[in-house]
Amino acid sequence: MSLVNAKEMLKKAHKEGYAVGQFNINNLEWTKAILLTAQENNSPVILGVSEGAGKYMSGYKTVMGMVNGMIEELKITVPVAVHLDHGSYDGAIQAMNAGFSSVMFDGSHYSIEENVQKTKEIIVKAKAKNISVEAEVGSIGGEEDGVTGKGEIASPEECKLIADLGVDMLAAGIGNIHGKYPDNWKGLDFEALAAIQKAVGSMPLVLHGGTGIPVDMIKKAISLGVSKINVNTECQLVFAEATRKYIEAGKDLESKGFDPRKLLKPGFDAIKASVKEKMELFGSINKA
């Protein structure tokens, strides 16, 4: 199956009360593990690519060559979107030109007026190529590719202003953060989420910083209109833990245990298990 944009999969998720996971990819192992898990569980999936990860993988064209090749060779038939995560204006244009099927333009650090103008321009370019667009209102807390957000609570009025421009999904800050959540985290602001959902109507909402949010909060967020949940840190943590155990057990010193294909397999398996767990929690299994 060829790539799709994220619009229809998220509209379906919003209507049926589940969420589609965006799992960020960082290399071949990440990409293969996530695609195979989606196929095995008959789940739609969004592959997220940050600008930093895109550079690490040698550029957006390299990313698209890898993803398209895997979809064909692995016989992936579930809906797959490749989505630029927290893209700058120029980054979003480059990703669209490289073949991404979805982009996020993060204009949250601009004034609302400039965010609106730049978002409008991205939407026009994206619609011409049948590419879905995510916008952000209220910066997400934590750090993403060197950009730090304080975890602002988005204004329902500003959310409606951006939603009415014609974006396909909206990331609204509700106290969520990227990376690990600190011990003193106050949790998601569900009053704000309910107000935002009321303001934007049937617009699918996006929850960034999906790693570490308690199960009950995830389920409540989905019930209030969150249709896309981003996960990255958790896959990184389980990959690192599995790799560490392999090396500490001396497996890399046994026979050809140093072969990258063997060295990276425990981490690969750990990502698969983590992604399946999230798909079960989000409710996307058998929704392809």
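Visitor: A helix axis here is a line fitted to C-alpha atoms over the stretch in contact, and angles run from 0 to 180 degrees between N-to-C directions. With that in hand, at roughly what angle do the axes of helix α2 and helix α4 cross?

Guide: This is a predicted model, and in it the axes of α2 (residues 28–40) and α4 (residues 60–73) cross at roughly 35°. The two axes come within 11 Å.

Visitor: Is that crossing left-handed or right-handed?

Guide: α2 passes α4 in a right-handed crossing.

Visitor: Which residues meet there?

Guide: From α2 you have L28, T31, K32 and L35, and they meet M66, V67, M70 and I71 of α4. Sorted by class, that contact has 6 nonpolar, 1 polar and 1 charged residues.

Visitor: What about α10 and α12, how do their axes cross?

Guide: Helix α10 (residues 233–248) and helix α12 (residues 265–282) have axes that come within 8 Å and cross at roughly 145°. The crossing of α10 past α12 is right-handed.

Visitor: Which residues make that contact?

Guide: On the α10 side they are E234, C235, V238, F239, A242, T243 and Y246. On the α12 side they are P266, G267, F268, A270, I271, S274, V275, E277 and K278. By class, the α10 and α12 contact has 10 nonpolar, 3 polar and 3 charged residues.

Visitor: Let's zoom out. How many helices and strands does the chain have?

Guide: The protein chain has 12 helices and 10 strands. Its C-alpha trace spans about 60 × 45 × 35 Å along the principal axes.

Visitor: And what does the radius of gyration say?

Guide: A compact globule with 288 residues would have a radius of gyration near 19 Å, and this chain has 18 Å, so the two agree. Buried residues make up 56% of the 288 residues. Among contacts with a separation of 6 or more, 72% are between residues 24 or more positions apart.

Visitor: New topic: S132. Where does S132 sit?

Guide: S132 is in strand β5 (residues 132–137).

Visitor: Is S132 buried or exposed?

Guide: S132 is buried, because its relative accessible area is 1% and buried means under 20%.

Visitor: What does its side chain make polar contacts with?

Guide: The side chain of S132 makes a polar contact with the side chain of S102, at 2.7 Å. A polar atom of the S132 side chain also lies 3.0 Å from the backbone nitrogen of A6. Not counting residues up to four places away in sequence, S132 touches several others, including K7, V103, D168 and M169.

Visitor: Where is H208, then?

Guide: H208 lies in the loop between β9 (205–207) and α9 (215–223).

Visitor: Which side chains does the side chain of H208 make polar contacts with?

Guide: One is H86, where the side chains are joined by a polar contact of 3.0 Å. Another is N230, whose side chain makes a polar contact of 3.3 Å with that of H208.

Visitor: Last one: what about K287, where does it lie?

Guide: K287 lies in the segment after α12, and K287 is partly exposed, with a relative accessible area of 27%.

Visitor: What is K287 in contact with?

Guide: Leaving aside neighbours within four places in sequence, K287 is in contact with K12, E16, Y18, N42 and P44. With E16 there is a side-chain polar contact of 3.5 Å. The C-alpha atoms of K287 and N41 are separated by 9.0 Å, although these residues are 246 residues apart along the chain.

Technical notes. Residues are numbered from 1 along each chain as its sequence is written. This is a predicted model: local features need pLDDT of at least 70, side-chain atom pairs count only at pLDDT 80 or more; totals for chains, interfaces and linings use all residues. Side-chain values use heavy atoms; hydrogens and water are left out. Helices (H or I, at least four residues) and strands (E, at least two) are DSSP runs, numbered from the N terminus. A crossing is left-handed if the near helix is turned anticlockwise from the far one by less than a right angle, and right-handed if clockwise. Contact means heavy atoms within 4.5 Å. Ala, Val, Leu, Ile, Met, Phe, Trp, Tyr, Cys and Pro count as nonpolar, Asp, Glu, Lys and Arg as charged, and the others, Gly among them, as polar. Buried means under 20% relative accessible area, exposed over 50%, partly exposed in between (1.4 Å probe, protein chains only). A polar contact is a pair of N or O atoms within 3.5 Å; within protein, one must be able to donate a hydrogen and the other to accept it, and residues adjacent in sequence count only if both atoms are side-chain atoms. The radius of gyration is taken over C-alpha atoms; the globule rule is 2.2 Å times the number of residues to the power 0.38.
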